[in-house]
Amino acid sequence: MALEIKGMKRTFKFRKGSENITLKDPDGSYSPDMVMSYYANIYPELTTATVHGPSISDDKAEYEFKTTIGVKG
């Protein structure tokens with residue numbers, strides 16, 4: 001019996017204003033930084049964000065993109 005290795009599904013989240021946005025994994029071979037760069041074309045605030053995580057929840061690896069734009073202090 002051969003072992004079958006399955007990777008964990010990944011999700012990416014960030015907060016835009018008062019809204020939490022969940023992004024799908026565009027390509028499993030992308031690093032989290034590459035995913036953030038990919039979505040920075042759609043969400044410009046991600047150009048100044050950093051990647052945090054992953055945290056494991058419900059058999060998914062959840063990464064969070066945190067930006068300092070709009071944060072004072």
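**View 1. Glu62, at 18% relative accessibility, counts as buried, and its side chain meets that of Lys13 in a salt bridge (3.7 Å, N to O).** Lys13 lies in strand E1 and Glu62 in strand E4, so the pair ties together parts that are 49 residues apart in sequence. Lys13, with a relative accessible area of 33%, is partly exposed; here buried stands for under 20% relative accessible area, exposed for over 50%, and partly exposed for values in between, with a 1.4 Å probe and protein chains only. A salt bridge is taken as a side-chain nitrogen of Lys or Arg within 4 Å of a carboxyl oxygen of Asp or Glu, and by this rule the count comes to 2. This is a predicted model, in which local features need pLDDT of at least 70 and side-chain atom pairs count only at pLDDT 80 or more, whereas totals for chains, interfaces and linings use all residues. Residues are numbered from 1 along each chain as its sequence is written, and side-chain values use heavy atoms, with hydrogens and water left out.

**View 2. Arg10 and Asp25 form a salt bridge whose closest N and O atoms are 2.8 Å apart.** Because Arg10 belongs to strand E1 while Asp25 sits in the loop between E2 and helix H1 (32–39), this pair ties together parts that are 15 residues apart in sequence. Arg10 is buried, having a relative accessible area of 15%, whereas Asp25 counts as partly exposed at 25% relative accessibility. Side chains of opposite charge can pair when their charged atoms come close.

**View 3. An open sheet of 4 strands has the order E2-E1-E4-E3, with mixed pairing.** Strand E2 (19–24) and strand E3 (50–57) are the edge strands, each of which pairs on one side only. Neighbouring strands of this sheet are turned against each other by 25 degrees on average, with direction ignored; axes are lines fitted to C-alpha atoms, for helices over the stretch in contact, and angles in general run from 0 to 180 degrees between N-to-C directions. Strands (E, at least two residues) and helices (H or I, at least four) are DSSP runs numbered from the N terminus, and two strands pair if DSSP finds at least two bridges between them.

**View 4. Strand E4 (residues 60–66) pairs in the parallel sense with strand E1 (residues 9–16) over 6 bridges, and 6 bridges also join E4 to E3, which runs antiparallel to E4.**

**View 5. A cis peptide bond, with omega of about 15 degrees, joins Gly53 and Pro54.** Pro54 is found in strand E3, an edge strand that spans residues 50–57.

**View 6. In the hairpin of E3 and E4, 2 residues lie between the strands.** Asp58, placed in the loop between E3 and E4, has a positive phi of about 50 degrees although it is not a glycine, and with a relative accessible area of 69% Asp58 is exposed. Asp59 is found in the loop between E3 and E4 as well; although Asp59 is not a glycine, its phi is positive, at about 60 degrees, and at 66% relative accessibility Asp59 counts as exposed.
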